[in-house]
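Colleague: I have the model open and want to walk through it with you. Shall we begin with the strands and then turn to the helices?

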Amino acid sequence: MNAGIDFGTSNCAIGVWKNNRPTILNLEDNRPSMPSALYTPKEHIEVDEINEVELTRRINKAKTQQLNEASKAQKEGRQYKLLDDVKLENIERGVMRREAIEASKKLYEEQSISSSLNADEGEVFGTAAINQHLIEPHDGFFIKSPKTFLGAELDSNHIETFSEITKKMLAHIKYISEKTTGSEIDSVVLGKPIKFHGTMGDKGNLQATGILESSAIAAGFKNIEFMYEPVAAAMDYERTLNKDIVVLIMDIGGGTTDCSMLKVGPSYINKIDRDESLLGYAGDRIGGLDLDIKIASKILMPHFGKETLLKSGLPIPNTYFSDAVNVNDVHAQARFSSDSYGREIKKYLEQAINKPYFSRLIKLYEGNYSYSLNRSSELAKISLSDEALIKLPIKYIEPDLEIDISREDYREAIEIETNKIIRIMTEVAKQSSTSPDVVYVTGGTAKSPIIEKLIRDQFNDIEVVTGDMFGGVAKGLTTWANRIWGD
C-alpha cells in the first residue's frame with residue numbers, strides 16, 4: 001500500500017488512496033492531523049547499592065582517624081569519645097547512601113536527549129507530547145517542529161539526534177496508519193518545502209532531504225519519493241477542475257512559505273512528468289513558527305524585562321530575550337538552558353531597574369518554559385484570527401499574568417515577514433511572466449486575516465480560492481503516490 005505524508009513543521013498528516021480519491025487518516029483523537037511534537041521522558045536512574053568493600057575501607061579509615069584523634073586529645077589533656085564499630089558503620093553507610101542518591105540525581109539531571117531517545121521508554125507524540133511537557137518540563141525532553149532544524153547547520157551528533165526523532169515520528173505515523181487501514185504501507189511520497197529552514201542554502205536542503213529519506217527507510221518504508229509541497233497542493237486542487245488554468249499556489253505553513261505558478265487541469269492530470277507545467281517557484285524560511293516567535297519577541301518579551309535598563313543606564317543585552325524565544329534554533333535553546341546563562345541573568349536581576357518584569361525571565365529560565373511561551377504565542381495567533389483584541393494568560397509564570405494583544409499589535413510585529421511573503425509572490429510572477437487565473441491558498445498560517453488580506457490585496461482582481469488548510473498537501477502527495485505506484 002502507498003501513502004502521502006505531509007511531515008509538517010506544525011502538524012503531520014497522512015493520506016491513502018480509497019474509493020478513487022485521497023483520504024486523510026486520523027492520527028489522534030479522531031483528528032486528521034497530529035502536532036509535530038515528541039516527548040521522551042528521562043530514563044529512570046537506579047540508586048547504586050552500597051559497595052560493601054568500599055564501606056569496610058571507609059570504616060577502617062574512620063577507625064584510624066578516630067584513634068589518631070584520641071591519641072592527640074590525650075596528649076593535649078582533652079576528652080575524646082570513641083565511637084563503637086556499629087555507630088561508625090551506620091555513619092559511613094548513611095554518608096555513602098546520600099552520595100549514591102546525589103550521584104543518581106546528577107546522572108538523571110545530566111542525561112542527554114540521545115540517551116533518552118535510545119532508552120525508548122514511554123515516548124508520546126502529538127498533543128500528548130505537548131501536554132506531557134507542560135506537566136513535566138524538567139522530567140523529559142520535548143521536541144516541537146523537528147522539521148525546522150533539518151536544514152540548519154548541525155554537527156554530526158545533532159544530525160544523529162534529529163534523524164532519530166524524525167524516524168520515531170514517521171514510524172509512529174506508519175504504525176497508527178497501518179493499524180487503521182489493516183494493511184502494510186511500504187511506499188510513501190514525502191512533501192518538502194522549496195527551501196528548508198536554515199542558512200545553508202542548497203547544502204541545507206540536501207541535508208534535510210537526506211535526513212528525511214534515511215529516517216523513512218529506518219521507519220520501515222521501502223520506496224520513498226519527494227514532491228514540493230506547493231506542487232502537491234496543486235495536485236489536490238487539480239482534481240476539482242474541468243478546464244485548464246494557470247494557478248498560483250500559496251502554501252504558508254508552520255516553517256516555510258512556498259509559492260508556485262503551475263498549469264493545471266484535465267490536460268495535465270495524468271502526466272507523470274510535470275516539469276513543463278511548472279512555470280515558476282520561490283520560497284523562504286517564513287512560517288507560522290516564525291510568526292509565533294515574533295509575537296513572543298515583540299509583544300511578550302517586554303513584559304519579561306526586554307528593554308529594561310540597568311542602574312548604570314545601559315540596557316540588558318537582547319541576546320537573553322531572543323535566545324529565550326527562538327525555539328527553532330537549537331544553539332539558542334542550548335545557550336538559554338545552560339547554567340552559565342542562569343548565573344548571568346540572575347546577576348543582571350540585581351542591577352535591573354524594573355526587577356518585577358525581569359524576574360519573569362528568571363522564572364522562564366528556571367521553569368524551562370520556552371516551549372510553553374511559544375505555545376502561548378501560537379494560541380494568541382490563533383485567537384487573533386477570530387478576535388481583534390485578546391487577553392493572553394501566562395499563568396505558568398504568574399497566576400494573574402495576562403497580556404493584552406490586538407490584531408494591530410500582531411500586524412506590526414510580523415511586518416518584516418509579511419513583506420517577505422509579498423516578495424515571494426512578486427518573484428514567482430516575474431519568473432513565469434504571466435498572471436494566474438486563480439490564486440489557491442493552503443497551509444494553516446494562511447487562516448490569519450492579516451495574511452489573507454495581504455494575498456487579496458496583492459491580487460485584487462483575481463479569484464482567491466482557499467483550499468484544505470491542513471490536508472491539501474497530504475492529499476496531493478497521496479494523489480501523486482497513487483499515480484506512480486497505483487492502487
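Modeller: Keep in mind that this is a predicted model. One piece to look at is an open sheet of 5 strands with mixed pairing.

Colleague: What is the order of the strands in that open sheet?

Modeller: The pairing is mixed, and the sheet is open. Its edge strands are β12 (278-284) and β16 (463-466), each pairing on one side only. From one strand to the next the twist averages 20°. The order is β12-β11-β10-β15-β16.

Colleague: In which sense do β11 and β12 pair, and over how many bridges?

Modeller: Strand β11 covers residues 257-264. Within this pairing, Thr257 stands opposite Asp284 in β12. The two strands run in the antiparallel sense, over 6 bridges.

Colleague: Which helix lies across β10, β11, β12, β15 and β16?

Modeller: Look at residues 229-238. They run at about 45° to β11. β10 is 245-252 and β15 is 438-442. The helix is α7.

Colleague: Now α11. How far does α11 reach from its first C-alpha to its last?

Modeller: Helix α11 takes in residues 339-351, 13 residues in total. At 1.5 Å a residue, 18 Å is expected. The model comes close to that, at 19 Å.

Colleague: Within what arc do the buried residues of α11 fall?

Modeller: The buried residues are Tyr341, Gly342 and Ile345. An α-helix has 3.6 residues a turn, so residues three or four places apart point the same way. Seen down the axis of α11, the buried residues line one face of the helix, because they fall within an arc of 100°.

Colleague: Which residues are exposed on the other side of α11, and what covers the buried ones?

Modeller: The cover over the buried residues includes α9 (319-325), α10 (330-336) and α12 (355-366). On the other side of α11, the exposed residues are Asp339, Arg343, Lys347 and Glu350.

Colleague: Lys294 is a lysine in a helix. Is Lys294 buried or exposed?

Modeller: Lys294 sits in helix α8, residues 288-300. Beyond its neighbours within four places in sequence, Lys294 is in contact with Ile299, Ala413, Ile414, Ile416 and Glu417. Its relative accessible area is 17%. The cut-off for buried is under 20%, so Lys294 is buried.

Colleague: Ser145 has a positive phi. What is the relative accessibility of Ser145?

Modeller: Most residues other than glycine have a negative phi. Ser145 is not a glycine, yet its phi is about 60°. Ser145 is in the loop between β7 (140-144) and α5 (156-181). Ser145 counts as buried, because its relative accessibility is 1%.

Colleague: Asn368 has a positive phi too. Where is Asn368, and what is its relative accessible area?

Modeller: The phi of Asn368 is about 55°, although Asn368 is not a glycine. Its place is the loop between α12 and α13 (370-383). Asn368 is partly exposed, with a relative accessible area of 31%.

Technical notes:
Residues numbered from 1 in each chain as written. Predicted model: local features only at pLDDT ≥ 70, side-chain atom pairs only at ≥ 80, totals over all residues. Heavy atoms only, no water. Pairing = 2+ DSSP bridges. Helix = DSSP H or I, 4+ residues; strand = E, 2+ residues; numbered from the N terminus. Axes fitted to C-alpha atoms, helices over the stretch in contact; angles between N-to-C directions. Contact = heavy atoms within 4.5 Å. Buried < 20%, exposed > 50% of the residue type's maximum accessible area, 1.4 Å probe, protein only. Expected span 1.5 Å × (residues − 1). Arc of directions from axis to C-beta.
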